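Dear colleague,

Please find below the structure that I am handing over to you.

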Amino acid sequence: MTELVQKINRRAKTFKILDDGILVNYSNAHETQEYKISYSDIGNDEIISRSKKDVVLIFLMISMVFNAILITALIGDTYNLSIKTGIIFFFVALVPVFIIGGIYGSEFKKENLKTVSANKPLSFFYRKKDEKNVDDFISKIYEAKKNFLVKQYYKIDDLLPLDTQKFRIQWLYENKYISEEETKFILEEIETQRIIKGSNIWVS
């Protein structure tokens with residue numbers, strides 16, 4: 001699985017695993033964002049955030065609806081409004097409810113997110129039914145990240161100082177991207193290069 005697509009109502013997220021990073025596309029009713037995150041900028045920390053519905057705001061909305069019904073009934077009895085006029089008046093009385101709902105709509109949603117640390121947003125919808133797919137996909141991201149970093153740094157580069165090469169190998173080992181045997185092997189190769197270069201300088 002190199003792509004994950006998530007949709008909740010009018011919001012959609014697409015994540016694609018590339019050779020050198022993750023392509024993220026996020027869209028809602030108002031905008032679309034697309035950006036790429038390099039594997040070098042993705043960390044190993046994960047945060048699960050769980051938002052709850054704003055109970056106070058829900059009660060406020062319910063109260064406003066009941067008030068609209070009450071006011072419509074009182075005015076209808078007082079002025080003997082027709083059913084059609086009463087319905088129109090009722091919807092007019094509900095306008096504040098619609099306005100508040102539009103402004104604070106997100107407060108009514110209970111939403112779970114799982115976020116992987118990165119220099120740009122890397123957050124996944126994390127509902128109960130999403131958990132396994134998201135966890136599996138994040139594991140794929142870590143695997144692709146490991147492969148990319150090993151390919152980038154686990155090699156002998158004649159253009160780089162030997163100390164820089166050793167530092168990179170040590171970093172790969174400390175982050176558990178390569179084994180102890182792989183570390184010893186490449187460090188011995190780097191040391192051999194150092195000896196050869198030193199011999200060539202001495203001969204010259």
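A salt bridge, as the term is used here, is a side-chain nitrogen of Lys or Arg within 4 Å of a carboxyl oxygen of Asp or Glu. Side chains of opposite charge can pair when their charged atoms come close. The structure holds seven salt bridges.

Please keep in mind that this is a predicted model, in which local features need pLDDT of at least 70 and side-chain atom pairs count only at pLDDT 80 or more, while totals for chains, interfaces and linings use all residues. Residues are numbered from 1 along each chain as its sequence is written, and side-chain values use heavy atoms, with hydrogens and water left out.

Some further terms are needed. Helices (H or I, at least four residues) and strands (E, at least two) are DSSP runs, numbered from the N terminus. Two strands pair if DSSP finds at least two bridges between them. A residue is buried under 20% relative accessible area, exposed over 50%, and partly exposed in between (1.4 Å probe, protein chains only).

Strand 2 (11-17) and strand 3 (21-27) run antiparallel and are joined by six bridges. A hairpin of three residues leads from strand 2 to strand 3, and Lys13 stands opposite Tyr26 in strand 3. Strand 3 is in turn joined to strand 4 by seven bridges, again in an antiparallel arrangement. Here the hairpin passes through four residues, and Leu23 faces Lys36 in strand 4 as its opposite residue. Strand 3 is mostly covered, since five of its seven residues are buried.

Three other strands form an open sheet in the order 5-6-7, with antiparallel pairing. Strand 5 (42-50) and strand 7 (123-125) each have a single partner strand and stand at the edges, so one side of each is left without a neighbour in the sheet. From one strand to the next, the twist averages 20 degrees; for such angles, axes are lines fitted to C-alpha atoms, for helices over the stretch in contact, and angles run from 0 to 180 degrees between N-to-C directions. Strand 6 (residues 112-118) is joined to strand 7 by three bridges, and the bridge partner of Lys114 in strand 7 is Phe124.

Helix 4 (residues 131-153) lies across strand 5, strand 6 and strand 7, and runs at about 165 degrees to strand 5.

The nonpolar core

A nonpolar core is a set of buried Ala, Val, Leu, Ile, Met, Phe, Trp, Tyr and Cys residues joined through side-chain atoms within 4.5 Å. The largest one has 27 residues, of which Ile22, Ile42, Leu122 and Phe124 touch the most other members. Among the elements that give two or more residues to this core are strand 2, strand 3, strand 4 and helix 5 (162-174). Helix 4 gives the most, with seven residues.

Which residues does Leu122 touch, not counting residues up to four places away in sequence? Its contacts (heavy atoms within 4.5 Å) include Phe15, Ile22, Ile42 and Lys114.

The salt bridges

Lys114 forms a salt bridge with Asp135, and the closest N and O atoms are 2.8 Å apart. Lys114 lies in strand 6 and Asp135 in helix 4, so the pair ties together parts that are 21 residues apart in sequence. Lys114 is buried, at a relative accessible area of 8%, whereas Asp135 is partly exposed at 29%.

A second pair, Asp136 and Lys132, also has its closest N and O atoms 2.8 Å apart. Both residues lie in helix 4, four residues apart, about one turn of the helix. Asp136 is partly exposed at 32% relative accessibility, and Lys132 is exposed at 60%.

Lys166 pairs with Glu191, the closest N and O atoms being 3.3 Å apart. This pair links distant parts of the chain, with Lys166 in helix 5 and Glu191 in helix 6, 25 residues apart. Lys166 is partly exposed at 29%, as is Glu191 at 25%. Salt bridges that share partners also join Glu46, Lys114 and Asp135 into one network.

A residue in helix 6

Leaving aside neighbours within four places in sequence, Thr183 is in contact with Ile169, Tyr173 and Ile178. The C-alpha atoms of Thr183 and Tyr173 are separated by 6.6 Å, and the two residues are 10 residues apart along the chain.

Yours sincerely
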